[in-house]
Amino acid sequence: MESSRLSSLGRDTRATRLIFALLALGFAALLMAAGSAFYIQRQNGIDAQRVVHTLAVEASLGAYASAMERMETARRGLIMTQNPRFATIMADAEAQSYDRLKNLVRLVADNPVQQARAARLRAHLKIYADHYRKTLGLRGDDRAALLAGFAADRGVLEVRASRAVVEEMTNAELALLRDREQRQQRTQGQFNILLSLTALLIMGVAIATLLLVRRNLVELRTSRIELRRLNDGLEDVVEARTGELKRANAEIQRFAYIVSHDLRSPLVNVMGFTAELETARKAIAAYLEKGAADGWSEPDAATRLAVEEDLPESIGFIRTSTQKMDRLINAILNLSRQGRRTLAPERLDLAAVLEAIVGSLQHRIDESGTDVSVGKLPVVVNDRVAVEQILSNLVENALKYLQPGRPGRPGVIRVTGGADFGRAWVDVIDNGRGIATRDHERVFDLFRRSGVQDQPGEGIGLAHARALAYRLGGTIEVQSELGEGSTFRLILPIEWQSGEEDV
Amino acid sequence: MSDQKPVNIVMIEDDEGHARLIEKNIRRAGISNAIHHFLDGTSALEFLYDAAEGPVRNGPALVLLDLNLPDMSGTDILAKLKADGSPLRRTPVVVLTTTDDKIEIQRCYDLGCNVYITKPVNYENFADAIRQLGLFLSVIQVPDPDPA
């Protein structure tokens, strides 16, 4: 379950990345389309300008041609009629021709080929004009000769050559125009193709993005539903588990209770009849004493031994063992009873709790010359009696297992604490005899103790303390080195864990 | 006269050893009343209600009751004795048992038990408790049972 949810998370990330990539691609395509549109637009503008230019050249060519034709017409009129009015028109048309040729030259300044042609036009015009001026004053025979060979006249030839050049130039300009139109069309076509491709790409990106987003949304919804279902299920599961635990706990409590009680019953007899035996033995012993004093027959040594040594020894062992058994049973009973006590959470200043504990142990502390210091401690919400029991057990242990005989090392017990992430802890640190590593867990077991058995006790305190700590939603840990001292850490929730109910 | 009738002690105790120790110590306290001992609840109830020399037919009684019995719970017997309309509801009942659970003790008193004594495992204390009970029995006034 966990891993599939994690991988779906990974898929989400991948899908998101893909969506971003696609969106970026779409925007890039848009930018490209806009850029090429701008380029095409500019190209179109340039082309249009060129077309206008070509048209202007053509118009200029036409204008020049018409001015030249007008010159020729005027010359012919003049030759034929000798009317001086034609000379005026001729001069006017010549000026016009030069003027228009200058204009043409300016227009074709960008085209060397056309410029060369324009230069040729100028040359033709110059020869023509010179010829005209030479033939202007011809009279009589000369004129007749001119008229007779007019077809081969220099001026006519020049006009023809000029016409040819004008046509050449017009054709060149037309070819240019066609070229430019073609190029414009090609560019337009390319632009159209590019635009269509971009449109297709954007469409593709949009569809892919939409599909991805839709899939993501569907997955999101599915996982949300799943999450809600799991969450609901989790509560049920937790409730069921808690119920089971409570039942199990109750059963254990009940078991311990019944066992300890039923164990007790035979003990009453063992103790009782041991006492009766003792009483009987005393009676026999007294009788034997009395018999010896009265001079009756002395009982044999074996009888005397049995009555005076064997019987009291056996009875003594039975009694000590029974007493020990009684203490153990009582310990189990106490544990079981502690487990059943109703817990009453309240606000506890652990520093105050520890001051009280240290106060109650003051006599022993003074007697052993121990230095006990309580540092800054957190405030928790918990059951006062239970917390007091745990802490006082830890402090008592620290005090109990100091090494009073060890020279140059006075007993030091320090209590410090802290809190974070909802947990509070109290460390009880001593420099006592310490606990071997292999016994670190064992000291928390019921009836188990560690090290030299030179102190009274049944091995109940820490087992009890840890059981209590568990019940309060906390725990107890130990860090210790043999001969160096021990640190017992009680960890408790800062706030009361309301899940605890008494069974 | 009913005043002169001796008080019968009815002891309901499944552990013979306990019964013997209790009897011994009661005797040591100087109580010589008859002690009727029963090992289970059924025969005890039969004696209490039906026997010719039982308390209903024949004079006052005092019941020593253990709570852990093989056939029924001592509290059931207690409830029956102290029930409304029972001829023995004024008969003193001393619960003498190993159970020292607070809830159990409260329940016994709620049901009408007159004295609750926990059997101490320590024999000196045990003997002491029984002897004191004996002294208590020597001064106690026990009513006749109500006519059935």
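**Helix α6 of chain A**

I checked the length of helix α6 (residues 301-340) of chain A: at 1.5 Å a residue its 40 residues should span 58 Å, and the end C-alpha atoms lie 57 Å apart, so the two agree. The expected span is 1.5 Å times one less than the number of residues. Helices (H or I, at least four residues) and strands (E, at least two) are DSSP runs, numbered from the N terminus.

This is a predicted model: local features need pLDDT of at least 70, side-chain atom pairs count only at pLDDT 80 or more, and totals for chains, interfaces and linings use all residues. Residues are numbered from 1 along each chain as its sequence is written, and chains are lettered from A and ligands numbered from 1 in the order in which they are written.

I found a kink of about 35 degrees in α6(A), centred on A:V307. The bend is the angle between axes fitted to the seven residues ending at a residue and the seven starting there.

Which residues of α6(A) are buried? I noted A:T322, A:L335 and A:S336. Buried means 20 or more other C-beta atoms within 10 Å of the residue's own, with C-beta atoms placed from the backbone. The buried residues of α6(A) pack against α5 (154-293) and α10 (461-471) of chain A.

I listed ten helices and seven strands in chain A. Of its 503 residues, 21% are buried.

Eleven residues of chain A contact eleven of chain B (C-beta atoms, placed from the backbone, within 7 Å). On the chain A side, α5(A) gives the largest share, ten residues.

Notes. A residue is buried if 20 or more other C-beta atoms lie within 10 Å of its own, exposed if 12 or fewer, and partly exposed in between; C-beta atoms are placed from the backbone. Two residues are in contact if their C-beta atoms, placed from the backbone, lie within 7 Å.
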